[in-house]
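Subject: Structure handover and notes

Hello,

Please find the structure below, followed by my notes on it. Read them with the structure open.

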Amino acid sequence: MINKKKVFGYVMAGALGLNMLGASSTFAAEKETHSSTGVEASVSHDKTTVSIELKKLQTEAKKLNIKVDGKKADVLKKEIEEGQNLHKQAKKLGLEPDGKTPDTLKKEIEECQNLHKQAKKLGLEPDGKTPDTLKKEIEEGQNLHKQAKKLGLKVDGKTLSTLKIEIQQHLKL
């Protein structure tokens, strides 16, 4: 009987060992499944986050009249920042930036800055004036300078109002 008990013990130990081996491989397979599902969920969550961020950037870009088709988030961020800076510059110069593309704004800002330079050369104060007003004042100033030079009057360091008075006085003589 001792032999039968030993054999029975070995069989039971072997069966128990095989059972444990099967259970651990099953547990490992379940763990891998959960692990890969977690990674997929994480990747999916990241894609959703990126997608939401990209949509927000696209909305902001559209408000600034920036084309969004085929552009990645980092490109849009840069263009939005540039667009916002252009809007600030335009407003400081008295321009209305709404509804204009960044390229149009750049051109208008450059033109306005040139007008400011011309106005300052003529002794005009450009701040707070619209580009149209500045154009008129610059044209008037240039005409006064031409008239004064024709009459032999010095123009350097004189305001336009002073030049106007001197021209009128000279013409009355």
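In helix H2, the buried residues are Leu76, Ile80, Gly83, Leu86, His87 and Ala90; buried here means under 20% relative accessible area, exposed means over 50%, and partly exposed is in between, with a 1.4 Å probe and protein chains only. Seen down the axis of H2, these buried residues fall within an arc of 125°, so they line one face of the helix. The arc is taken over the directions from the helix axis to the C-beta atoms. On the other side of H2, the exposed residues are Asp74, Lys78, Glu81, Lys88 and Lys92. As background, an α-helix has 3.6 residues a turn, so residues three or four places apart point the same way.

Two notes on the source. This is a predicted model, in which local features need pLDDT of at least 70 and side-chain atom pairs count only at pLDDT 80 or more, while totals for chains, interfaces and linings use all residues. Residues are numbered from 1 along each chain as its sequence is written, and side-chain values use heavy atoms, with hydrogens and water left out.

Overall layout

The protein has five helices and zero strands, in the order α-α-α-α-α from the N terminus. Helices (H or I, at least four residues) and strands (E, at least two) are DSSP runs, numbered from the N terminus. Of the 173 residues in the protein, 20% are buried. Among contacts with a separation of 6 or more, 15% join residues 24 or more positions apart; a contact means heavy atoms within 4.5 Å.

H2 and its packing on H3

H2 covers residues 73-92. Its 20 residues reach 29 Å from the first C-alpha to the last, close to the 28 Å expected at 1.5 Å a residue; the expected span is 1.5 Å times one less than the number of residues. Just after H2, glycine 94 has a positive phi of about 85°.

H2 and H3 pack at an angle of about 35°, with their axes 10 Å apart. Axes are lines fitted to C-alpha atoms, for helices over the stretch in contact, and angles run from 0 to 180 degrees between N-to-C directions. The crossing of H2 and H3 is left-handed, that is, the near helix is turned anticlockwise from the far one by less than a right angle. Leu86, His87, Gln89 and Ala90 of H2 make the contact with Pro102, Leu105, Lys106, Ile109 and Gln113 of H3.

Asparagine 65 lies in the loop between helix H1 (2-63) and H2. Asparagine 65 is partly exposed, with a relative accessible area of 29%. Not counting residues up to four places away in sequence, asparagine 65 touches Gly99, Lys100, Thr101 and Pro102. Proline 102 is 37 residues from asparagine 65 along the chain, and their C-alpha atoms are separated by 7.1 Å.

H3 and H4

H3 and H4 also pack at an angle of about 35°, with axes 10 Å apart, and their crossing is left-handed. The residues in contact are Cys112, Leu115, His116, Gln118 and Ala119 of H3 and Pro131, Leu134, Lys135, Ile138 and Gln142 of H4.

Histidine 116, in H3, counts as buried at 11% relative accessibility. Leaving aside neighbours within four places in sequence, histidine 116 is in contact with Leu93, Pro126, Asp127 and Leu134. On the same terms, alanine 119 is in contact with Leu124, Pro126, Leu134 and Ile138.

H4 has 20 residues (131-150) and should span 28 Å at 1.5 Å a residue; its end C-alpha atoms are 28 Å apart, which agrees. The buried residues of H4 are Pro131, Leu134, Ile138, Gly141, Leu144, His145 and Ala148. They fall within an arc of 145° seen down the axis of H4, so they line one face of the helix. These buried residues pack against H3 (102-121) and H5 (160-172). Asp132, Lys136, Glu139, Lys146 and Lys150 are exposed on the other side of H4. After H4 comes glycine 152, with a positive phi near 80°.

The core

Which residues touch the most other members of the largest nonpolar core? Of its 13 residues, they are Ala119, Leu124, Ile138, Ala148, Leu160, Leu163 and Ile167. A nonpolar core is a set of buried Ala, Val, Leu, Ile, Met, Phe, Trp, Tyr and Cys residues joined through side-chain atoms within 4.5 Å. H3, H4 and H5 each give two or more residues to this core, and the largest share, four residues, comes from H4.

Regards
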